[in-house]
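Reader: Please pick one part of this model and take me through it closely. Keep it brisk, and spell out every cut-off.

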Amino acid sequence: MGFERRLIENPENTAYYISKICDITFERIKALKDLGCSGYISSETYCSADILSPQCYHDIIKPIHKRYFKKISDIGMVGIGYFTGNIIPMLDDIKDLKLDGLMMEESKKNFALDVGEVAESLENTCALFGNLDSVWILQNGTESDVIKEITRQLKATKGKRFIMANGCPISF
């Protein structure tokens, strides 16, 4: 998409741009709060280790995310981050964001995201939304397949704060 090269070549401009996007989005979040919304899910599509390095996230994006989610919390809203892609190498940084909830994509694109590993790493600092496969389980699977996968994920999270959810949008 081109942003990766610009991020490496000029991280200060990239940080400024992302900060401005967060500022604009936060104005919308405040308006949603005024309309009665109690939470906000921020989709972090380009912040995963399969797109940018964990070090780049740590140095450039994380400080912006930390301020952004704190502002959401400060106005009394639930802040949920939906991170697509491979988040395993970034879990310590994500945990430090102090999210109320973390949604994650299901395993695909040559990476595996195990809810048990993620739940253990989060140390109950936030609710984890499971990553039920929207195509192979929900679309193409049987009712038995769905129950089996839900049961597996519940056992894997060992009583941690866990909400069963789909990993990616559900197809038509």
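Author: Helices (H or I, at least four residues) and strands (E, at least two) are DSSP runs, numbered from the N terminus.

This is a predicted model: local features need pLDDT of at least 70, side-chain atom pairs count only at pLDDT 80 or more, and totals for chains, interfaces and linings use all residues. Residues are numbered from 1 along each chain as its sequence is written, and side-chain values use heavy atoms, leaving out hydrogens and water.

Helix α5 spans residues 115-122, and its buried residues are Val115, Gly116, Val118, Ala119 and Leu122. They line one face of the helix, because they fall within an arc of 165° when seen down its axis. That arc is taken from the directions from the helix axis to the C-beta atoms. Buried means under 20% relative accessible area (1.4 Å probe, protein chains only).

Now the ends. Aspartate 114 caps the N-terminal end of α5. One of its side-chain oxygens lies 2.9 Å from the backbone nitrogen of glycine 116. Just after α5, glutamate 123 takes a positive phi of about 55°.

Elsewhere, the model has 2 aromatic pairs. Rings of Phe, Tyr and Trp (its six-membered ring) pair if their centres lie within 6.5 Å; planes over 60 degrees apart count as edge-to-face. Tyrosine 57 and phenylalanine 83 are edge-to-face, with centres 6.4 Å apart and planes at 80°. Both are buried.

Terms used:
Buried means under 20% relative accessible area, exposed over 50%, partly exposed in between (1.4 Å probe, protein chains only). A polar contact is a pair of N or O atoms within 3.5 Å; within protein, one must be able to donate a hydrogen and the other to accept it, and residues adjacent in sequence count only if both atoms are side-chain atoms. Rings of Phe, Tyr and Trp (its six-membered ring) pair if their centres lie within 6.5 Å; planes under 30 degrees apart count as stacked, over 60 as edge-to-face and the rest as tilted.
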